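Try each task before you read its solution.

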Amino acid sequence: MLKRRRRSHLTTPGIRTEGAGYLLMAPAILGLGFFTIAPILFAIFLSFQKVKLLGGIEYEFVGLRNFARLAADDRLWIALKNTAEYVAIVVPAQTVLALALAATLNAGIKGQNIWRILFFLPTITSSAVLTLIFMWIYNADGLLNQALALVGLPTYNWLSDPNVALKGIMIMNIWSTAPFFMVIYLAALQDIPRSLYESAEIDGANSWQQFRYITLPQLRPVTFFVVAMGVIGTFQLFDQSYIFSGGSGGPNNATLTVVLLIYQSVFRDLQLGYAAAIAFLLAIVIITVTLIQQHIFGQEST
Amino acid sequence: MVYRDLQFFVLMIVSFLCVMSCQVRMPQIDWTISPLGQSDRPITLKLGGWGSSPSEQRLFQTVLTTFEATHPHIRVKFETVADQYMDVLKTRLIGDAAPDVFFLDSFEAPSLMANQVLEPLNAYLTPDFDLADFETTLLAAFQQDSILYGLPKDCSSLALFYNKQAFAEAGIAQPPATWDELLADAQRLTRDRDQNGKIDQYGLGILPDLARLVYLMRAFGGAAIDPQGKATFASEAALKGLNLIVQPYQDRIAARPPDVGTSSGTEMFGQGKAAMVIEGNWAIPFLQETFPALPFATAEVPRIQDQSGTMVYTVGYVMNRRSQHKPEAWELIRYLTGKTGMALWAKGGSALPSRHSVAQQLHYDRDPLRSALVAGIQYATPWQLGQYPTAIMNSFNNQFISAILGEQPLRQALQRAEDSANQQIQAAEQ
Amino acid sequence: MKFSIHPFNFRWVLYVLLGVYAIVTLIPFLWALSASFKPLSEIIAGDFFPHHFTLDNYRQIFLEQPLFLRWLFNSVFIAVCVTVLNLLFNSMAGYALARLQFRGKQFWFLVILAVLAVPAQVTLIPTFLILKSFGWLNSYQGMVIPGMINATFIFMMRQFFINFPRSLEEAAALDGLNTLQIFWYIVLPLAKPAIAAQAVFIFMGSWNNFLLPVVILFEPEMFTLPLGLNTFKGQYISYWNYIMAASMMFTLPMFGLYIFFNRYFIQSVTFTGGKG
């Protein structure tokens with residue numbers, strides 16, 4: 001990728017975008033460099049060490065031992081499985097919900113401002129309070145079970161039944177992150193040139209066709225962003241499973257996630273080297289999924 | 001231009017390494033005890049702890065103000081950690097930015113003691129401090145290889161809280177003295193008042209959390225950990241003990257807080273959804289403030305196998321080994337755990353004093369609500385699980401819930417939990 | 001401004017669906033609001049409406065916390081600084097990655113994705129050590145400077161800029177504007193909806209930020225609101241009444257900000273509409 005020959009897409013002669021590129025990137029490179037990339041490099045370095053943190057930091061090079069330990073750790077595979085299941089359900093659901101909400105709210109319905117405000121509420125409520133509210137909703141005789149019983153559906157012990165504990169967290173997360181992506185879609189919808197719809201209308205396209213052949217393709221780059229951030233956010237699920245299980249990942253490992261394991265390794269056992277190895281594995285999984293997804297969502301017109 | 005990227009990266013790594021090396025060198029800066037010309041400028045001590053209710057915060061501030069008044073050369077800055085106390089504290093200890101004196105739960109003490117981040121206190125102790133006045137069990141929680149690293153600030157044991165009105169309704173005159181009586185009473189106290197098939201009042205409220213259960217294992221000679229610090233709760237004896245709460249739960253005469261729409265044992269008791277709970281001292285001010293109409297009393301935890309048993313939780317004051325103001329830090333600890341300071345704090349009533357003399361001075365040993373708790377301290381199991389406490393606790397809680405819900409046999413759940421805990425400990429020790 | 005091109009035959013079904021969804025989003029919020037006016041015993045009992053309406057929880061927070069205004073100031077100050085810096089820097093980087101040609105561009109894009117893929121839990125201790133070596137613990141710069149750039153929104157801005165019609169930039173270039181001028185005078189004004197969305201999220205992120213401040217801010221005078229308001233949590237008992245009131249105090253400014261920026265998601269339709 002670095003070998004690609006230079007060819008400016010901007011037709012103006014005489015403007016060197018090389019310098020301008022790095023000028024515009026400079027704050028990002030410096031800011032990320034010191035406070036994000038440096039800690040990550042440090043973490044990568046640590047993944048090859050046995051680290052003693054308390055009482056004076058000491059390292060000891062252990063080669064790939066931390067990575068070898070990954071393979072033997074049953075809990076990691078359970079966590080990966082839980083997390084993957086979580087990603088596979090939550091990402092499509094929240095993306096579709098966000099897009100549907102945004103498209104509807106952008107279609108000139110009555111009182112769209114009010115709807116936009118109401119639908120955004122879950123995102124601004126702090127996550128600790130949300131979790132608390134959801135514990136109340138998920139209680140054995142809480143709101144959700146009452147509603148389910150009302151329409152004759154089976155009720156569950158949402159908080160402590162291993163078969164549904166993760167589902168409960170999924171529902172909560174879809175509900176609270178969809179508005180975030182809805183706002184991004186709303187903003188993106190504003191940038192679609194209206195002339196495209198006008199000419200389509202002249203050609204006799206109905207509203208579904210317009211959505212299918214104009215809106216969706218135009219939203220592609222933003223959808224790539226939404227899905228990628230969904231994948232990253234869900235692979236890094238931590239808060240809810242921590243609060244719901246009191247940090248244990250139970251019942252019977254049902255809410256154990258990869259980041260919960262990382263957290264336990266860092267702070268509970270002070271095994272920063274091993275935690276870094278897990279994080280390294282997780283990052284590779286996320287990047288791979290994102291690159292595949294970039295491929296699927298097509299090449300943007302760079 | 002690949003070269004330029006490379007150049008930048010090299011630069012960044014170099015600067016990063018500089019930063020790190022400064023960091024590593026930093027801990028070795030001077031340890032000299034504060035300069036002698038201290039009389040003109042008071043020394044500021046940092047005291048780390050967690051938050052609490054507004055009234056407790058006010059009380060604690062009063063204690064600190066009193067200390068400052070009697071020790072004019074020391075100012076105390078209380079650094080509250082808003083959440084995840086131990087994570088934050090460990091990070092600050094690693095970065096050499098931890099306070100001079102801080103709260104430490106006995107549960108976390110063994111690993112900090114073993115890692116040499118706490119200052120040994122033996123050399124500071126003077127006879128007039130009267131160490132013998134402290135409850136031995138509580139002191140032992142902050143001792144390793146006969147070195148004392150902390151002094152207990154306060155403590156709380158567990159006792160049986162029972163609803164007097166519910167007892168009267170069920171025609172029970174006395175709180176249960178043995179576990180068998182407890183179960184029989186729980187049976188009679190479990191009520192479905194409106195006959196809708198949903199129980200409105202359970203006999204017993206339980207918390208399936210290792211922190212509340214170790215004494216049950218001990219009653220049959222079991223234990224949570226062995227002398228090497230490995231998990232050992234899958235033993236036959238431990239199994240018998242744990243069955244004492246698994247069985248009533250599965251017989252539906254006991255319930256957990258989320259089963260009845262609450263988030264803690266005190267809440268389910270306060271609301272009358274459980275007629276008995278086994279809770280600590282913290283429940284007393286909470287129940288009195290929040291449910292003033294609730295008629296409740298306390299009794300010692302019922303005897304099992306003809307032995308008394310309960311849990312005790314304690315928090316100590318410890319000194320940072322890298323503190324730059326050690327003599328002053330000791331003065332603060334000495335005051336806060338001394339007879340005057342402790343009495344001032346314990347008067348608030350949310351925790352029991354760790355000194356016999358203070359408990360007597362405040363008449364807690366004769367207080368109708370607190371005497372059961374005070375008595376329990378003598379025979380209680382301190383809440384400690386060796387150097388890898390969270391691996392053990394998390395593994396246990398993770399599996400025990402599914403056993404209590406009947407999703408797997410208790411024996412299998414405990415075996416899985418024990419294996420998982422020991423595997424984690426072994427990996428950590430490598 | 002309104003799209004007449006979406007005729008809804010099933011308009012009523014749609015409104016009913018929207019209404020149901022609105023209830024689903026509203027109930028938890030209303031529950032928290034209602035709880036903030038209840039004494040603790042009623043919150044535990046779990047009824048929806050307060051039986052004994054009380055302002056006591058708010059009184060405790062406002063009057064009994066001498067540092068409340070200081071925390072509010074800290075939070076606002078940090079969030080405003082962080083938001084302004086981010087809007088500028090993220091947009092710059094996003095534009096460069098979307099439009100400009102320079103060597104290493106793909107590399108930096110990958111770096112940004114990689115940065116996002118690493119969970120914060122594992123970088124927290126290294127970050128703490130770096131901030132300590134800069135002497136930035138317990139300071140505003142320790143909060144603002146590491147937060148001045150955000151990989152998520154660089155990525156977002158890139159995705160927005162990629163889709164922008166090129167014709168305007170080309171025209172401006174022909175008029176003799178250089179890249180930086182084009183970015184500043186032509187591109188940024190066009191990106192209003194994306195910038196508005198970014199502003200809301202970055203402000204919100206800074207406002208809610210807990211992980212870093214809880215570790216690096218020591219002194220109560222330096223606390224941000226979430227830290228200060230979280231000190232009500234006891235070791236064994238949680239005072240939900242104060243927590244609820246605190247969370248309301250905490251959510252309302254965000255809510256106002258969203259309502260303010262919300263109009264940019266509508267207004268600009270007419271603005272960009274004619275062009276393109």
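This is a predicted model: local features need pLDDT of at least 70, side-chain atom pairs count only at pLDDT 80 or more; totals for chains, interfaces and linings use all residues.

**Exercise 1.** Work out how many helices and strands chain A has, and where the strands come in the order.

*Solution.* Start with the count: chain A has 12 helices and 2 strands. Next, walk along the sequence, and you get the pattern α-β-β-α-α-α-α-α-α-α-α-α-α-α.

**Exercise 2.** Find the span of chain A along its principal axes, and what share of its residues is buried.

*Solution.* The C-alpha trace of chain A spans about 70 × 65 × 30 Å. Then call a residue buried if its relative accessible area is under 20%. By that cut-off, 61% of the 302 residues in chain A are buried.

**Exercise 3.** Describe the surface and charges of chain A.

*Solution.* First, the accessible surface comes to about 11600 Å², and 64% of it belongs to carbon and sulfur atoms. Now the charges: there are 19 positive and 15 negative side chains in chain A. The centres of these two sets are 8 Å apart.

**Exercise 4.** Compare two stretches of chain C that an unreviewed UniProt entry annotates as "transmembrane region": 12–33 and 143–161.

*Solution.* Take residues 12–33 of chain C: they are 100% helix and 0% strand, with end C-alpha atoms 30 Å apart. Now take residues 143–161 of chain C: this span is 68% helix and 0% strand, and its end C-alpha atoms lie 29 Å apart.

Note on methods
Residues are numbered from 1 along each chain as its sequence is written. Chains are lettered from A and ligands numbered from 1 in the order in which they are written. Side-chain values use heavy atoms; hydrogens and water are left out. Helices (H or I, at least four residues) and strands (E, at least two) are DSSP runs, numbered from the N terminus. Buried means under 20% relative accessible area, exposed over 50%, partly exposed in between (1.4 Å probe, protein chains only). Accessible areas come from the Shrake-Rupley method with a 1.4 Å probe; for residues, only the protein chains shown count as cover. Lys and Arg count as positive and Asp and Glu as negative; His and the chain ends are not counted. The place of a charge is taken as NZ of Lys, CZ of Arg, CG of Asp or CD of Glu. UniProt positions are given in the numbering used here, feature names are shortened, and annotations may be inferred rather than shown by experiment.
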